[in-house]
Amino acid sequence: MKIIKLLQAITFAIALSIIFFHKTLISSVLLPQYISWAEETDKQGHQIGKPLDSKHLAIAKEIGIQSPEKVRIVYVDEVPFPHDNLALKALGEALGFVGEGIINNAQVFGYSIYVRHGFELTTPKLAHELVHVLQIERSGLQAIVTQHFSDLAEYGYDNSPLEVEAFKANEIYKDR
């Protein structure tokens, strides 16, 4: 058991050094791995998720989503993250996606919106997530993931430009 813990600690230390000292490795190895995983997560979500109801479909159209009929809501015990890939897990911890005390309530993977059971997906919160769908639809999953990871490292979550845009929808739809 001590050897396993030691190996995990060493692996974690190596992953952290990769994150902080090898941006090229992140962009050329880790981001493609995450994007591939996210694309597969979106495909699964499209198969098992529920389409938007008529009210939420109208909001998706109003937000500007070109194919709102493709949007699916997937309720899960935990919003997915590739925990089995230690380097991606370390990257996620460094950027605040996963880790001690971090609860991810909702996340968009293409047209699939994964929502944690127990999280009330109110209209403003759904609008926020729909803006992320729009962002992905406009630029593609790869471009948005790359920008979001970079923005999180530079600005943090609350000041990330993609989040700032999505937070505006929370305000616009707060009374609906």
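Predicted model: local features only at pLDDT ≥ 70, side-chain atom pairs only at ≥ 80, totals over all residues.
**Entry 1: Thr41**

Leaving out residues up to four places away in sequence, Thr41 touches Pro80, Phe109 and Tyr114 (contact means heavy atoms within 4.5 Å). Thr41 sits in helix 2, residues 23-48; helices here are DSSP runs of H or I with at least four residues, strands are E runs of at least two, and both are numbered from the N terminus. Is Thr41 buried or exposed? Its relative accessibility is 5%, so I put it down as buried (under 20% relative accessible area is buried, over 50% exposed, in between partly exposed, with a 1.4 Å probe and protein chains only).

My bookkeeping: residues are numbered from 1 along each chain as its sequence is written. Local features need pLDDT of at least 70 and side-chain atom pairs count only at pLDDT 80 or more, while totals for chains, interfaces and linings use all residues; side-chain values use heavy atoms, without hydrogens and water.

**Entry 2: aromatic rings**

Next I looked up the rings and found seven aromatic pairs in the structure. Rings of Phe, Tyr and Trp (its six-membered ring) pair if their centres lie within 6.5 Å; planes under 30 degrees apart are stacked, over 60 edge-to-face, the rest tilted. Trp37 and Phe81 have ring centres 6.3 Å apart and planes at 55°, so I noted a tilted pair. Trp37 is in helix 2 and Phe81 in the loop between strand 2 and helix 4 (86-95), so this pair ties together parts 44 residues apart in sequence. Trp37 is partly exposed at 22% relative accessibility, whereas Phe81 is buried at 8%.

Then I checked Phe109 and Tyr114, which make an edge-to-face pair with 5.4 Å centre to centre and 85° between the planes. Both of these residues are buried. Which residues form one aromatic cluster? I listed Tyr34, Trp37, Phe81, Phe109, Tyr114 and Phe149.

Four of them form an open sheet with mixed pairing, in the order 1-2-4-3 (two strands pair if DSSP finds at least two bridges between them). Strand 1 (50-51) and strand 3 (106-109) are the edges, each pairing on one side only. Strand 1 pairs with strand 2 (residues 72-76) in the antiparallel sense, over two bridges. Pro51 stands opposite Arg72 in strand 2.

I also found helix 5 (residues 123-139) lying across strand 2, strand 3 and strand 4 (112-116), at about 20° to strand 3. Axes are lines fitted to C-alpha atoms, for helices over the stretch in contact, and angles run from 0 to 180 degrees between N-to-C directions.
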